[in-house]
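Student: Hi! I'm new to this one and would like a friendly walk through it. Could we look at it together?
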Amino acid sequence: MRPLFACLNLRLLACAVLIALTSACRQTPPAPDSTVLLQREAQGYLTATRVPIRHVAVTMNEADGGLALHWTLPATLHAETPVLIYLPGLGQSAGSGVLWREAWARAGYAVVAVQLLPEDGERLPVDPKDRDLAVSFAHSRFSPSVGRQRVRALAALVAHLRDGAGQMQSGEPRSDIAGANASMRNPLAGQMPWLASLDWQHLGILGFDLGAQTALLAAGERPFKDWTETGLHPAVVVLLSPHADFSGQSFQVRYQTVQAPVLSISGDLDLDPWRVVTSATVRQAPFRNLAPGRAALLWLTDLMHGQLAGGEEATDGRRGSADAADDAGNPASATRPIGDTSPAGPGAPGGPGGRSSGRGGAGGPGGSGSRGGAETNGRNGQGGLRALDPRNGGGASVLGATERATDTLLVRVVTTAFLDAVMRHDDTAQAWLNRQAAAWVGLQGRFQQR
């Protein structure tokens, strides 16, 4: 018979192990190394513009389409303020992509996010038994026929906002409404009075996932011969996780009608959870087949699909934190007062969207390329080693907090420089892209132009 004290010791040991495991599971994930991020940012492109911003969520009247629009605006607007339309991914609301929207707004752009078709914002089932249903639904939403509907909805929205802005500037009443007061003559004046203070002649279209597909279709991609012209003619296009497939016309043909400069952003691990795109390499198709002089590519080695959503990733198809905040009435997606620069958001000092001042970049590779940790078993980041991640199809790398924040920083800085170079014709931004961007990205991946 085992002595009583031995049994008690074994029970105490088991309890201690259980408590330790429970404590480990509840540990707060490590925060990114802000010193590394600030140093890395200081060596990259520093836009001359860094302004306070505000968020305004608007639901348009049914007569005006009933769409939910999430605006991220510079505190001060003027007639030269460029407009960017951000299109979220499948299963996301218009409140997503907040990391990117805030970064671009701080650089002086008026950003409006919209999910054009209600079905595209529906949450996909996450129960394993419903996996086939989710995959089938996802593939159907990426079909060219639905893409055509989405582009038509985008063209109608842009025309409506432009018309509304023009009527506000001229003071002319809308022909279909004969009311006496200004808000009745033009309901958009009551909902979005800032429309008249924006540059609607030069428009940028940016999108993630499903939104990236729509952005390129809107810019002139022709998947089939009978594809009709959209009439949008964006000045610039940014594709966060570009969509490409082998149906329809060849890549060499389908992209030749795209006139706008296009920046594609992807990486080796950029596989969507529904496997609509079965190989991350295929996402390079737009870059490799666009006409020379119109294509740029930021390719990050360990970048996962969900990281390009611009917020807490939702790699299993669920909506991310920006959407959850929207549902909960969180200030992250609610109206903020003009001039609010509170450090709580992703643009806080020391975070991935941290503030900086000055202009241009110092060049050089910057940041040593280790992204927050020593090289161990590939690239190790603070807070995690490379490992298979079942949430991202079993093939993704679990990155450390500093590595992940560095990926976000790279996307934010390169997209801002690209927008400045194209939309503002900023020579400093173009020079940085031409001479310094590739070295600055360094070991994290590569930046190319063709």
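Student: Is the crossing of helix 12 and helix 13 left-handed or right-handed?
Tutor: The crossing of helix 12 and helix 13 is left-handed. A crossing is called left-handed if the near helix is turned anticlockwise from the far one by less than a right angle, and right-handed if clockwise. Before we go on, this is a predicted model, where local features need pLDDT of at least 70 and side-chain atom pairs count only at pLDDT 80 or more, while totals for chains, interfaces and linings use all residues. Residues are numbered from 1 along each chain as its sequence is written, and side-chain values use heavy atoms, with hydrogens and water left out.

Student: Which residues make the contact there?
Tutor: From helix 12 come Val413, Val414, Ala417, Phe418, Asp420 and Ala421, and from helix 13 come Ala429, Gln430, Trp432 and Leu433. Contact means heavy atoms within 4.5 Å. These residues divide into 8 nonpolar, 1 polar and 1 charged. Here Ala, Val, Leu, Ile, Met, Phe, Trp, Tyr, Cys and Pro count as nonpolar, Asp, Glu, Lys and Arg as charged, and the others, Gly among them, as polar.

Student: At what angle do helix 12 and helix 13 pack?
Tutor: About 130 degrees, with the axes 7 Å apart; helix 13 covers residues 427-435. Axes are lines fitted to C-alpha atoms, for helices over the stretch in contact, and angles run from 0 to 180 degrees between N-to-C directions. The two helices are therefore oblique to each other. Angles under 35 degrees count as roughly parallel, over 145 as roughly antiparallel, 65 to 115 as roughly perpendicular and the rest as oblique.

Student: And what about helix 3 and helix 12, how do they pack?
Tutor: Helix 3 (residues 98-106) and helix 12 (residues 401-423) pack at about 40 degrees, with axes 10 Å apart. They are therefore oblique to each other, and helix 3 passes helix 12 in a right-handed crossing. On the helix 3 side, Leu99, Trp100, Ala103 and Trp104 meet Thr408, Val411, Arg412, Thr415, Thr416 and Leu419 of helix 12. That contact has 6 nonpolar, 3 polar and 1 charged residues.

Student: How many residues of helix 3 are buried?
Tutor: 9 of its 9 residues are buried, so helix 3 is mostly covered. Buried means under 20% relative accessible area, exposed over 50%, and partly exposed in between (1.4 Å probe, protein chains only). Among them are Arg101, Glu102 and Arg106.

Student: What sits on either side of helix 3?
Tutor: Ser96 lies in the loop between strand 4 (81-87) and helix 3. Ser96 is buried, with a relative accessible area of 2%. Just after helix 3, Gly108 takes a positive phi of about 100 degrees.

Student: New topic: where is Ile265, and which residues is it in contact with?
Tutor: Ile265 is in strand 8 (residues 262-269), and it counts as buried because its relative accessibility is 0%. Leaving aside neighbours within four places in sequence, the contacts of Ile265 include Val238, Leu298 and Leu308, along with Val411 and Thr415. Val411 and Thr415 also belong to helix 12's contact with helix 3.

Student: Last one, how many helices and strands does the protein have?
Tutor: It has 14 helices and 13 strands. Helices (H or I, at least four residues) and strands (E, at least two) are DSSP runs, numbered from the N terminus. Of the 450 residues, 52% count as buried.
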